[in-house]
Amino acid sequence: MRITPRRAVAATAVVALGLTLTACSSGDDDGATAVDVSDKTTGAMEDFGVGTTFKATEPLEFGLMYRDHPNYPFKDDWSIIKRLAEDHNVSFDIQSVPLADWQQKRSLLISSGDAADLIPSTYAADVETLTSGGAVLPISDYLDYLPNFQDKIEKWGLQEDLDRLRQADGKFYVLPGLLEQPKPSYSIAIREDWWEDAGLEDPKTWDEFADQLEVIKKEHPELDYPYTERWSINGPMEATLQAAAGNFGTEAGWGYGDGVTWNGSEYEYTGASEGYKELVTYFADLVDRGLLDPEGLTQEDDPAKAKLSTGKVAALGSNDQEVVVYRTGFEEAGDKDAKLKHIVVPAGPAGNIMDATTGGRFESGIALSSKAAERDDFVAMLQFVDWLYYSDEGLEFAKWGVEGETYTKDADGTRTLADDVDWSGLNPGAPKLLNTDFGYYNGVWTLAHGSTTDLVKSTLKPEVQDFLDEMNQKDVAEKGPGIAMDEMQREEASLTQTNLQDKVMTATAQFILGERPLDEWDAYVAELEGAGMSTYVDTVNQAAGVTK
């Protein structure tokens with residue numbers, strides 16, 4: 001049986017919009033009254049709609065909170081800055097925040113009322129505790145001014161996902177980056193040459209992967225362990241547990257989220273579920289059989305990568321970008337014969353399934369400060385946001401730059417970087433980088449690269465495109481209804497869930513490492529119960545409108 005999100009409800013029909021006098025709440029459950037913006041049309045286009053190139057009717061400057069990444073620090077002479085000013089009449093008053101301080105400082109600036117008008121690189125969960133103070137704009141009140149956004153929500157069947165963002169007041173406060181298809185990235189990199197020498201093919205199931213590790217261990221007795229792990233900052237092997245979780249009917253690792261999983265009729269606590277137990281039991285068995293390096297649950301990333309590049313292990317958690325880094329590690333170590341394969345995530349006892357987080361189609365998005373709605377050019381700001389982040393033209397511009405400057409396009413639509421421009425090894429040896437030297441392909445302008453499938457694939461190597469295609473043949477776990485807690489529920493639930501999650505992550509590591517026997521699972525669940533698990537789950541189900 002195919003597990004998919006519930007059938008999306010029909011989206012509001014999208015039409016090319018003129019400058020109407022008001023923006024209604026576009027489906028808000030609380031029936032909020034219209035918001036008058038009749039005096040806020042400075043610089044706005046009269047005929048802006050799907051397929052329209054946005055250009056303000058006069059030069060405008062918008063405040064922008066900029067997440068400054070150390071790998072491509074902001075430059076005011078970037079091509080993207082110049083082009084937006086010259087071709088679209090938009091410039092920015094940059095409120096720069098270093099990446100290392102982004103989470104904390106963004107919250108402080110929003111709560112103090114000092115945030116810039118536009119706040120990209122933001123998820124709905126990042127601001128849900130800040131909305132009650134009125135500092136964040138309920139953007140759902142203004143959807144009629146976002147024709148491209150509405151068009152993609154309708155065409156890509158995302159209305160139900162969008163409705164899950166609504167809070168208890170019926171509104172949502174972040175416009176998410178949108179993906180036409182899921183964009184899974186994480187899996188495991190294996191020594192393809194060793195697999196081939198042993199007559200093995202890519203594992204189709206997690207059990208088959210374990211059996212293959214046994215073979216590799218026998219073929220290479222010099223290995224202490226055939227498989228090690230990384231990304232264990234807030235919990236054990238967070239990336240791989242998330243990638244594997246859907247195949248065990250649960251959520252885990254980076255996808256643990258709010259700690260509840262939809263079981264088809266109600267939410268249950270993830271860390272106490274049978275699926276989570278099966279997932280933990282599987283990896284505990286790998287450790288017990290000497291197939292998974294116990295240090296992988298706690299080690300830093302660099303030692304993990306070094307074990308792979310020096311031939312001490314045959315498999316390591318990876319993603320479609322890190323596998324390139326691993327190959328460079330082999331070259332630097334002088335191993336020219338090593339071959340790596342980023343395998344499709346194997347299926348498991350629950351089926352061939354991506355968890356709801358991995359299979360999701362929302363990326364980080366953009367919030368607006370409430371004071372933005374007071375600006376005379378507010379409608380023009382909304383049009384600009386809609387064009388840059390949601391129109392096909394704006395998405396291509398933000399990712400690839402300007403045709404003839406940073407790339408060329410063939411008659412069939414194939415894009416090729418200019419000879420002097422590189423991105424992620426697509427044009428090795430080129431002296432300039434698309435993001436560092438031009439400002440394009442930057443999560444601030446592309447909402448973490450939410451886009452059409454064509455644009456997503458356009459900068460991926462063929463092997464990564466194949467990985468993406470195969471991963472998207474998987475089913476996607478059902479997400480369940482939105483959890484719209486009021487302020488009091490959220491405050492109480494947050495404290496309980498933080499305590500519960502700490503216990504789950506500690507126990508997960510202990511079970512996998514064998515420091516705590518799995519026959520103590522019931523005792524562990526009782527500990528979660530004592531920490532308020534049932535009360536928390538009841539609150540979640542109540543907020544989700546689940547009746548028992």
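This is a predicted model: local features need pLDDT of at least 70, side-chain atom pairs count only at pLDDT 80 or more; totals for chains, interfaces and linings use all residues.

Helix H4 itself spans residues 147-155, and because seven of its nine residues are buried, the helix is largely enclosed by the rest of the structure.

The buried residues are Pro-147, Asn-148, Phe-149, Gln-150, Asp-151, Lys-152 and Ile-153. They pack against helix H5 (159-163), strand E6 (175-178), helix H12 (378-390) and helix H13 (392-400).

## The buried and exposed sides of H11

In helix H11, which covers residues 322-332, the buried positions are Glu-322, Val-323, Tyr-326, Gly-329 and Phe-330. Viewed down the axis of H11, these buried residues fall within an arc of 105°, and therefore they line one face of the helix. Glu-331 and Glu-332, on the other side of H11, are exposed.

The partners of the buried residues of H11 are strand E7 (186-191), helix H10 (301-309), strand E11 (315-319) and strand E12 (340-342). Just after H11, Gly-334 adopts a positive phi of about 85°.

## The crossing of H10 and H11

The axes of H10 and H11 come within 9 Å and cross at roughly 55°, which means that H10 is oblique to H11. The crossing in which H10 passes H11 is right-handed.

On the H10 side, Lys-305, Leu-308 and Ser-309 make the contact, and they meet Glu-322, Val-325, Tyr-326, Gly-329 and Phe-330 of H11. Sorted by class, the contact of H10 with H11 comprises four nonpolar, two polar and two charged residues.

Methods
Residues are numbered from 1 along each chain as its sequence is written. Side-chain values use heavy atoms; hydrogens and water are left out. Buried means under 20% relative accessible area, exposed over 50%, partly exposed in between (1.4 Å probe, protein chains only). Helices (H or I, at least four residues) and strands (E, at least two) are DSSP runs, numbered from the N terminus. The arc is that of the directions from the helix axis to the C-beta atoms. Contact means heavy atoms within 4.5 Å. Axes are lines fitted to C-alpha atoms, for helices over the stretch in contact, and angles run from 0 to 180 degrees between N-to-C directions. Angles under 35 degrees count as roughly parallel, over 145 as roughly antiparallel, 65 to 115 as roughly perpendicular and the rest as oblique. A crossing is left-handed if the near helix is turned anticlockwise from the far one by less than a right angle, and right-handed if clockwise. Ala, Val, Leu, Ile, Met, Phe, Trp, Tyr, Cys and Pro count as nonpolar, Asp, Glu, Lys and Arg as charged, and the others, Gly among them, as polar.
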